[in-house]
Amino acid sequence: KEYFESVPQYFNVSDDERTEYQRKTLHQILIDVPRTSTSSAIFHSELVQRALERLLYIWALRHPASGYVQGINDLATPFFVAFLSDHLPAGASCSAEELEKFHDGEPYVLAHAEADSFWCLSKLLDSVQDHYTFAQPGIQRMVFKLKELVARIDAKLHAHLADQGLQFIQFAFRWMNCLLLRELKLDLILRLWDTYMSEHGGGGDSGGDSDAGDGFATLHVYVCAALLTRWSDKLCNMDFQQLVTFLQHLPTAEWTEKDVAELLSQAFVFKSLYHNAQSHLRS
């Protein structure tokens, strides 16, 4: 009810009533939404795209410290899939046409999914809020931690990346910004995020090394370390351009839940070894 009361207040207004900042924000969201999760038919539906536009724009206006940043659109998609999958005839693989037909018979389910996705996205972003403020210090911090972790876990790989002049920010920024949504299929993201949420410590402040944002901040860094070192031998035989191409197009298209379970197992091993020995993670 609170969410839908904010729709006419924030979204259903003419462009003349919007500030320059609001117009630019909406313009960027309208560009990004059609590009969101193009591999999933659900997000080809105009109904879902309009819902995404509304919730992203309302979130941005309610959070002026960060506002809308590209990548936030991706973070809403697992929630939509989770809330809709039990109601759709073929789950997440349902086509846009099936969704339209379904909506005719169940007009409230999509509306509820929109509102629930808004609040879940808000809760997630509250826990990693400094990832999306000016200069994105939270993401910078996570990339730095990943670099230091890999130096400790796999010195040979770390040295090779340095020798090739590859900066971690060049490939890991997206891993942190989109929480691997560009690297893994949506059904595998649901598996991954389910574990992140079970590890989530609860509070709204993810600063420093506290456990408040444990799943979506701390554990995610260890998952990224496990992901990178998984291909260590192959990466150590690549030059700069090969490294960039490989790391921007990871061979995960055929991955199953078993692969994600193995990734998480390795991440938990790394966390148990290094999380309580923090000196190597600080400059």
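Modeller: Gladly! This is a predicted model, where local features need pLDDT of at least 70, side-chain atom pairs count only at pLDDT 80 or more, and totals for chains, interfaces and linings use all residues. Residues are numbered from 1 along each chain as its sequence is written, and side-chain values use heavy atoms, with hydrogens and water left out.

Biologist: How many salt bridges does the count come to?

Modeller: Side chains of opposite charge can pair when their charged atoms come close. Here a salt bridge is a side-chain nitrogen of Lys or Arg within 4 Å of a carboxyl oxygen of Asp or Glu. By that rule the count is 13.

Biologist: Is Arg-54 buried, partly exposed or exposed?

Modeller: Buried means under 20% relative accessible area, exposed over 50%, and partly exposed in between (1.4 Å probe, protein chains only). Arg-54 has a relative accessible area of 22%, so Arg-54 is partly exposed.

Biologist: And which residue forms a salt bridge with Arg-54?

Modeller: The closest N and O atoms of that pair are 2.8 Å apart.

Biologist: Which residue forms a salt bridge with Asp-74?

Modeller: Asp-74 is buried, at 5% relative accessible area. Its partner is partly exposed at 46%, and their closest N and O atoms are 2.6 Å apart. That partner is Arg-182.

Biologist: Which side chain meets Arg-174 in a salt bridge?

Modeller: Arg-174 is partly exposed, with 28% relative accessible area. The N to O distance is 2.6 Å, and the partner counts as buried at 7%. The partner is Glu-183.
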